Amino acid sequence: MDYKNAGVDIEAGYKSVELMKEHIKQTMRPEVLTNIGGFSGAFSMEAFKNMEKPTLVSGTDGVGTKLKLAFIMDKHDTIGIDCVAMCVNDIACAGGEPLFFLDYIACGKNEPEKIATIVSGVADGCVQSDAALIGGETAEMPGFYPEDEYDLAGFAVGVVDEKDLITGKELRPEDVLIGMASSGVHSNGFSLVRKVFEMTAESLNTYYDELGTTLGEALLAPTKIYVKALKSVKAAGVKIKACSHITGGGFYENIPRMLCDGVCAVVEKDSYPIPAIFKMLAREGQIEEHAMYNTYNMGIGMMVAVDPADVDKTMDAMKAAGEQPYVVGRIKAGEKGVTLC
């Protein structure tokens with residue numbers, strides 16, 4: 001008896017690391033001081049010592065049950081983008097610049113080519129957010145996960161000068177809410193998605209005119225990464241007063257998190273186009289409107305609040321970074337919360 005007979009293939013682990021390296025290489029930043037394969041990743045803070053009060057910000061998250069669709073469709077090259085996005089968007093939401101990322105993959109059986117494909121998506125997400133992929137872990141856990149399934153989670157660290165933290169404390173009535181379009185469902189609410197739609201290869205590979213793609217492609221579209229857009233707004237000289245990453249809990253849970261006491265947010269539902277996937281989901285699942293806005297991003301993945309005088313500069317900066325922004329509402333005096341009208 002040996003470890004391989006127990007279900008853990010050490011040689012497959014070595015091969016996975018070798019296959020990953022070509023993807024990881026493209027994410028490197030000059031601050032990275034270690035090579036892949038070590039016990040830890042080292043990242044120099046020398047470049048940030050001139051900040052008045054350099055402050056670390058961190059984020060950790062997973063992809064959730066969206067992974068089930070990747071298993072059914074046997075498509076694993078974009079799910080890593082979702083994992084990175086869920087972490088770095090939270091960091092950017094606080095005004096931080098993501099610096100580095102680590103991933104954790106747990107699987108029932110280590111198939112090196114599949115693991116490398118997953119990591120290629122992680123690397124793509126890191127490139128999109130200018131974060132270095134400096135380490136990770138692949139854990140083969142036979143008997144815990146089915147052989148053809150895995151879990152994926154990640155952890156990111158960023159930096160911001162304390163004075164540039166986005167806290168919402170400076171919000172004032174009549175500040176303007178600007179939302180950036182999402183790519184679809186992103187990485188939240190898939191337990192409900194999987195109840196509404198039949199989770200078979202045939203169902204997911206069915207083309208729908210209203211979606212302009214197959215159901216599976218629409219649902220598996222990777223989460224948007226808004227790091228460069230928010231960086232572009234800052235570079236334009238705009239002070240972002242508050243920011244909300246619209247994830248699980250939708251509008252009703254996430255928008256109040258960006259508010260200070262004494263103000264509320266008013267969002268106009270018809271101020272931007274709702275993607276077809278949400279309309280289809282609501283119709284097929286007979287999901288009431290409040291539940292949709294309480295679960296999904298409904299087409300807005302990131303929302304910021306700025307001074308009315310900065311609206312045009314903000315919109316232009318977001319567009320220059322490749323995003324589609326919309327003026328979606330206003331800040332009003334009142335009890336902390338959000339009203340959709």
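The second largest pocket has a volume of about 360 Å³, the space filled by probe spheres set on grid points joined across faces, edges and corners. A pocket here is an open set of points on a 1 Å grid over the protein atoms alone, where a 1.4 Å probe fits, with protein on both sides within 12 Å along at least five of seven lines; lining residues have an atom within 4 Å of a point. The model is predicted: local features need pLDDT of at least 70, side-chain atom pairs count only at pLDDT 80 or more, and totals for chains, interfaces and linings use all residues. Residues are numbered from 1 along each chain as its sequence is written, and side-chain values use heavy atoms, without hydrogens and water.

**Second largest pocket**
- Its lining has 18 residues, with G95, G96, D164, L230 and K234 nearest the centre.
- Helix 8 (227-235) contributes the most to this lining, four residues; helices (H or I, at least four residues) and strands (E, at least two) are DSSP runs, numbered from the N terminus.
- Domain 1 (3-164) and domain 2 (175-340) each provide at least three lining residues, the bounds coming from an automatic or database domain assignment.

**Largest pocket**
- The largest pocket has a volume of about 730 Å³.
- Of its 29 lining residues, G13, V17, G136, E137 and T138 lie nearest the centre.
- Helix 1 (10-25), strand 2 (97-107) and strand 3 (132-140) are the elements that give two or more residues to this lining.
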